[in-house]
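Take a walk through this model with the coordinates open beside you.

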Amino acid sequence: MKNKLLLLFIISIFTIIFIIFYKGLKNTNVYTPDIKINKEVPSFTSELFYSNEVVKSKEIFDLDKFYLLNIWSSWCAPCRQEHSLLMDLMETKKIKIIGVNYKDTKKNAESFLSELGNPFYQIIFDKEGVTAIEWGAYGVPESFLIYDRKILKKYIGPLDEQSIKEIKFLIK
Amino acid sequence: MLFSIIGHYSLILGLLISLTLIFFSINNFKNSKSFDTKILSFTFLQFILVVVSFLCLILSFIFSDFSNETVFNNSHTTKPLFYKISGTWGNHEGSLLLWLLVLTLFIFLFLIKTKNQPIKYKILTLVFQQVIIIGFFVFLIKTSNPFNYLYPIPEEGLGLNPILQDPALAIHPPILYLGYVGSSIIFSSALAATSLNMISKKWASHIKKWVLISWVFLTLGILLGSIWAYYELGWGGFWFWDPVENVSLMPWLALTTLLHCVLVLEKKLVLTSWVIILSISTFTLSMCGTFLVRSGILNSVHTFANDPERGLFILIFLFSLIFISLFIFFFFHKPNQSNLNNFFWLSKETSIIINNWFMMYFLSVVLVGTVYPIFLDVLTSEKISVGPPFYHKLIIPFLIPFLLIMAIGPKLKWIKSNLEDKVYLISLLFISFLLSFLIVKNFNSNFLINTILISSALYLFFVTLRDFFIMKKNNISQNIAHFGFSLLILSILFNSLFSTEIITNLKVGETFETSTTKIIFKNINQKKEKNYKSVVGNFSIQNSNGKIDNLSPELRIYNQPNIVTSEADIKTTLLSDKFLVINLVQNQDYFNVRYQVKPFMLWIWLSVLLISLGALISLFKKEYEK
């Protein structure tokens, strides 16, 4: 009796696993960014990179303005790739780019910026990676397009020409 | 064209032979006085047919016959011959044909090598194996036929993914498959033995050599994959906890545990349930790995084609096998009650059982880390990826008792042991701890855990090393394998603790200097090969002690398909590897330069070879004794 119950239990577990795998097959395996339109930006307090001041999220993001929040790090190779695109975007002056320096050391980050240029209006120093978690980031690089303190779009992985075009179109 | 036809019909004939074989087997099973020799000849014929089919595919690749869809999708006329041939199994269809080849090879070898076992057992093993073979035949012919015909015939093929064009990767799949698929024979014979209720000491020593064979191939296959990742992927790591690596690690853990259970079963009739369940899970985990990487449910280099129909087929097939084996286990297996509670706390078998539980724990960590993202995605449509920190946090602390038991266990006796004459064990523990303290002293991060971890690995190292000198010769295989394992853990630990890295962007002619190292980017050359063009950067690297190394990493631009890969230049010495890789920085004259010094890299590979050598000795020692 006890044996049969156990068998039944194991079979039902495997059946559930089967159903989940079956459903998983139908899902796409491409990691598309979640588009959470009009989701409020998370409120957080963190340290600024240059001044070491502690700021609140509301002090960084003004209403009625476009921002691009970019999570980056000097040790992240794709961040190097997208950096020139960020520089271009900064020069359009239509959008302010806020950097979140993720799990990095100040020295490395500074030499990274002096090498490749600094596109950021402000940089949040996120040594422990806490702020990135609050934003629901999966890794570096990742970018969020923000308007009116709301997230319009999220880009996972390095930005490319295509996504920059899209951003330029959206902020018009 | 001709080859495609021959190959295709060989496959269909092979499938028909499977059905015939099952028919013969049922007859022979009813009347099992003598083993029907027809069965043996048909099994051989089936193997030959699959060989013919496989050769036809290889020939189609060699002659670049683009009327064959598989060749068209994965080859190109400008490719070197070596990669044309290895392209045969560098794709979904061809690799499945290789599965089938190994499946039929193993059952044939099993039938001719198995003597002194009941005829019914041999026949039943054949039947279970044929069920698996039929499944793969149908899968191959129906959803992934390697001989699909293309008309009009294309002029040129699409080419093989450049990162697969590497010598280590050319032999990695066949070796790994010998391990994966080799476990099918363990699966079939465990089911057969359970059905006939003949799990015994005698059966254990019979199945042990099959476990050892699969284990050696699986280990070497994983090693080759890891070496490839180190050379080719350009990150300087050798294990990334990528789902695809994990699915090869899971059967390995199950198989390693199985090997130790079989060793116990050989001496004493216990752990029978362990042995059966592990035999089943090793093969189902291998199949599960195939499902995960082939169905496109996970994204990786190994995902050759994203075709839900294929995934569905493997999924249904896999779960049918799981259900069949569960029924057999529950209805036929009668655990031997008298022996169940018969373990003395201080004995060899107790230590093996404890470490088996640790292995099962490691296995479940890897399993959860691999499939949890899929579950989460299905249930909540949230996408996450599980990275190295998860595995490190959950696995590393438990390595400490695992290593200690691995050192002490073999020193104990079977059945019942005592603690006399074990002073050296304690003194070696003390020495290991002291030495480890001196090594880690200069590092402030995670001081405590590193000291304990290194001392437990050193402990295993010393205990096994001591055995080489005072040995009674009888267990050299175990000793070599455990010594190799301690060396592996030590090399990995030292490698991760003492590796250093410099990342910078340089133009040609520039120099980058830190307090210890000076990197000079001297110049670049261009090179042209048959299947790619390349840019070679020449660097000279100067250490603080004035020693100069010249390294020349490459950027390769493959023509078919058009993909850029970076080839690291690695200078290997006995004590450390110097690893340099360059990448293009978009729209600029700069190259991204990554320079790493990685101590004991060579020892990671060598120690895995040593572990495999241990298993090989055990295998041949058995043959010799007969």
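Which residues in helix 14 of chain B meet which residues in helix 15 of chain B? From helix 14 of chain B come B:Leu425, B:Leu428, B:Leu429, B:Ile431, B:Ser432, B:Phe433, B:Leu435, B:Ser436, B:Phe437, B:Ile439 and B:Val440. They meet B:Phe447, B:Asn450, B:Thr451, B:Ile454, B:Ser455, B:Leu458, B:Tyr459, B:Phe462 and B:Val463 in helix 15 of chain B. By class, the residues of this contact are 15 nonpolar, five polar and no charged. This is a predicted model, so keep in mind that local features are given only at pLDDT of at least 70.

Now the geometry of that pair. Helix 14 of chain B spans residues 423–440, and helix 15 of chain B spans residues 447–470. Their axes come within 8 Å and cross at roughly 135°. An angle over 145 degrees would count as roughly antiparallel. Helix 14 of chain B and helix 15 of chain B are therefore oblique to each other. The crossing of helix 14 of chain B past helix 15 of chain B is right-handed.

Helix 1 of chain B (residues 2–30) packs with helix 6 of chain B (residues 119–143) at an angle of about 155°. Their axes are 9 Å apart. Because of that angle, helix 1 of chain B and helix 6 of chain B are roughly antiparallel to each other. Helix 1 of chain B passes helix 6 of chain B in a left-handed crossing. On the side of helix 1 of chain B, the contact includes B:Leu11, B:Ile12, B:Gly14, B:Leu15 and B:Ser18. On the side of helix 6 of chain B, the residues include B:Lys120, B:Ile123, B:Leu126, B:Val127 and B:Gln130. The contact of helix 1 of chain B with helix 6 of chain B has 14 nonpolar, five polar and one charged residues.

Next, the nonpolar cores. The largest one holds 146 residues. Within it, B:Leu100, B:Leu103, B:Val275, B:Leu318 and B:Ala457 touch the most other members. Helix 8 of chain B, residues 201–232, supplies the largest share of this core, with 18 residues. Pick out B:Leu318. Beyond its neighbours within four places in sequence, B:Leu318 is in contact with B:Thr284, B:Met287, B:Cys288 and B:Phe291. There is also a second, separate core of 28 residues. Its members include A:Tyr67, A:Ile71, A:Ile97 and A:Ile124.

That brings chain A into view. Chain A has six helices and eight strands. From the N terminus on, its elements run α-β-β-β-α-β-α-β-α-β-α-β-β-α. Chain A has 172 residues, of which 31% count as buried. Take the contacts in chain A with a separation of 6 or more: 74% of them join residues 24 or more positions apart.

Back in chain B, look at two residues in helices. B:Ile213 sits in helix 8 of chain B. It has 21 other C-beta atoms within 10 Å, so B:Ile213 is buried. Setting aside neighbours within four places in sequence, B:Ile213 is in contact with B:Gly182 and B:Leu619. B:Asn543 is 330 residues from B:Ile213 along the chain, and their C-alpha atoms are separated by 45 Å.

B:Gly179 belongs to helix 7 of chain B, residues 167–195. Is B:Gly179 buried or exposed? It counts as buried because it has 25 C-beta neighbours inside 10 Å. Not counting residues up to four places away in sequence, B:Gly179 touches B:Ser214, B:Phe217, B:Leu218 and B:Gly221. B:Phe63 is 116 residues from B:Gly179 in sequence, and the two are 30 Å apart in space, C-alpha to C-alpha.

B:Ser64 lies in the loop between helix 2 (37–62) and helix 3 (69–74) of chain B. Its phi is near 45°, a positive value in a residue other than glycine. With 17 other C-beta atoms within 10 Å, B:Ser64 is partly exposed. B:Trp241 is in the loop between helix 8 and helix 9 (243–267) of chain B. B:Trp241 is not a glycine either, yet has a positive phi of about 55°. B:Trp241 is buried, because 20 other C-beta atoms lie within 10 Å.

How values were computed. Residues numbered from 1 in each chain as written. Chains lettered and ligands numbered in written order. Predicted model: local features only at pLDDT ≥ 70, side-chain atom pairs only at ≥ 80, totals over all residues. Axes fitted to C-alpha atoms, helices over the stretch in contact; angles between N-to-C directions. Helix = DSSP H or I, 4+ residues; strand = E, 2+ residues; numbered from the N terminus. Parallel < 35°, antiparallel > 145°, perpendicular 65-115°, else oblique. Left-handed = near helix turned anticlockwise from the far one by under 90°. Contact = placed C-beta atoms within 7 Å. Nonpolar A, V, L, I, M, F, W, Y, C, P; charged D, E, K, R; others polar. Core = buried A, V, L, I, M, F, W, Y, C linked by C-beta atoms within 7 Å. Buried ≥ 20, exposed ≤ 12 C-beta atoms within 10 Å, placed from the backbone.
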